[in-house]
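Please read it alongside the sequence and the model.

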Amino acid sequence: MDNASSVKEFILLGLSENQGLQKIYSVLFLAFYLITVAGNLLIVVTVISSQGLNSPMYFFLCSLSFVDICYSSTTAPKMIAGLLGGSKSISFMGCMAQLFGFHFFGCAEIFLLTAMAYDRYVAICRPLHYAALMSGRTCGLMVLGSWLGAFFHSTLQLLLTICLPFCGPNKINHYFCDVHPLLRLACADTRAVGAADVVNGGLITLSAFAILVSSYVVILVSLKGQTAAGWHKALSTCGSHITVVILFFGPCTFIYIRPSSNLAEDKAVAVFYSIITPMLNPLIYTLRNQEVKNSTKKLWSRTVRRSEK
């Protein structure tokens with residue numbers, strides 16, 4: 001697509017230009033990324049290989065872990081390479097591809113978290129209809145809908161950005177290509193594009209968050225009159241999900257429901273939903289879920305026995 005831009009590549013300034021901090025960040029974020037990939041991959045392999053983890057909740061968890069691996073991989077490797085002294089430049093089309101991938105997997109995560117909230121609502125509030133409402137076909141369609149919704153969102157974000165003319169500065173004050181920092185570099189009036197970006201990103205984030213909050217309000221109301229054991233059982237299945245929702249939606253909402261005014265602040269907040277949350281997801285779901293822990297131990301035991309033969 002021709003956008004009449006003279007800029008052929010961008011320079012990602014990263015989190016800091018301080019050499020000392022870059023060395024610390026490189027070790028820290030390399031460790032975070034390796035933990036993210038290893039932890040989420042372990043959940044994917046555990047769910048796929050364990051016959052006991054065949055409920056809709058684990059199907060969604062497996063999908064979420066796969067998305068988290070892809071989500072982190074769109075930004076972390078390039079950022080870490082820059083921190084380790086590699087090239088900080090990224091081609092124009094590479095930048096647009098990174099922007100598309102980041103929004104695609106980020107939006108897919110939002111929709112999957114919403115689907116998981118609906119799954120918990122049906123399991124707790126309509127247990128007798130759970131098998132009918134959460135059939136394999138329904139779950140498959142919900143995941144497919146998450147991917148399609150993410151595709152339409154990221155395509156719109158890409159079209160809003162790729163058509164802008166870039167003819168001057170090419171230094172992006174961020175560690176990955178996103179709409180807000182790129183708007184600062186465009187040599188055109190970007191107020192309309194910025195407003196469209198806030199509407200596009202903000203509408204999805206706030207709508208999904210409203211559905212999530214509503215589902216848990218209904219769950220809490222339905223638990224009135226339940227015994228302490230009933231409360232504990234219900235909340236134990238929702239606790240992990242609520243924790244992940246808060247960690248992801250808090251910073252994400254802060255960034256995308258308002259026009260950007262401070263890029264230094266924005267990129268610091270972006271670390272939480274782009275790197276920290278995908279790393280913590282497998283730890284949160286594994287530590288709070290006995291079935292996942294037991295299946296992981298069995299998988300590890302089988303792997304060890306095979307290696308000893």
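Predicted model: local features only at pLDDT ≥ 70, side-chain atom pairs only at ≥ 80, totals over all residues.

The link of C95 and C177 is left-handed, with -120° about the S-S bond. Because C95 lies in helix α4 (residues 92–125) and C177 in the loop between β3 (171–172) and α7 (179–183), the pair ties together parts that are 82 residues apart in sequence. C95 is buried at a relative accessible area of 0%, and C177 is likewise buried at 0%.

## The partly exposed disulfide

A disulfide also joins C167 to C187, at an S to S distance of 1.9 Å. This pair links distant parts of the chain, with C167 in the loop between α6 and β3 and C187 in the loop between α7 and α8 (191–222), 20 residues apart. C167 counts as partly exposed at 45% relative accessibility, as does C187 at 37%.

The count comes to two disulfides, and with bonded cysteines counted along the chain they follow the pattern 1-3, 2-4.

## Other cysteines

The closest cysteine sulfur to that of C107 is in C252, 9.1 Å away, which is too far for a bond because a disulfide requires sulfur atoms within 2.5 Å. C107 is buried, with a relative accessible area of 2%, whereas C163 is partly exposed at 46% relative accessibility.

## Packing of α2 and α6

Helix α2 (residues 56–73) packs against helix α6 (residues 136–162) at an angle of about 25°, their axes lying 10 Å apart, so α2 is roughly parallel to α6. The crossing of α2 and α6 is right-handed. Contributing residues include F59, F60 and F66 of α2 and M142, V143 and W147 of α6. By class, the contact of α2 with α6 has nine nonpolar, two polar and no charged residues.

Definitions and conventions: Residues numbered from 1 in each chain as written. Heavy atoms only, no water. Axes fitted to C-alpha atoms, helices over the stretch in contact; angles between N-to-C directions. Helix = DSSP H or I, 4+ residues; strand = E, 2+ residues; numbered from the N terminus. Parallel < 35°, antiparallel > 145°, perpendicular 65-115°, else oblique. Left-handed = near helix turned anticlockwise from the far one by under 90°. Contact = heavy atoms within 4.5 Å. Nonpolar A, V, L, I, M, F, W, Y, C, P; charged D, E, K, R; others polar. Buried < 20%, exposed > 50% of the residue type's maximum accessible area, 1.4 Å probe, protein only.
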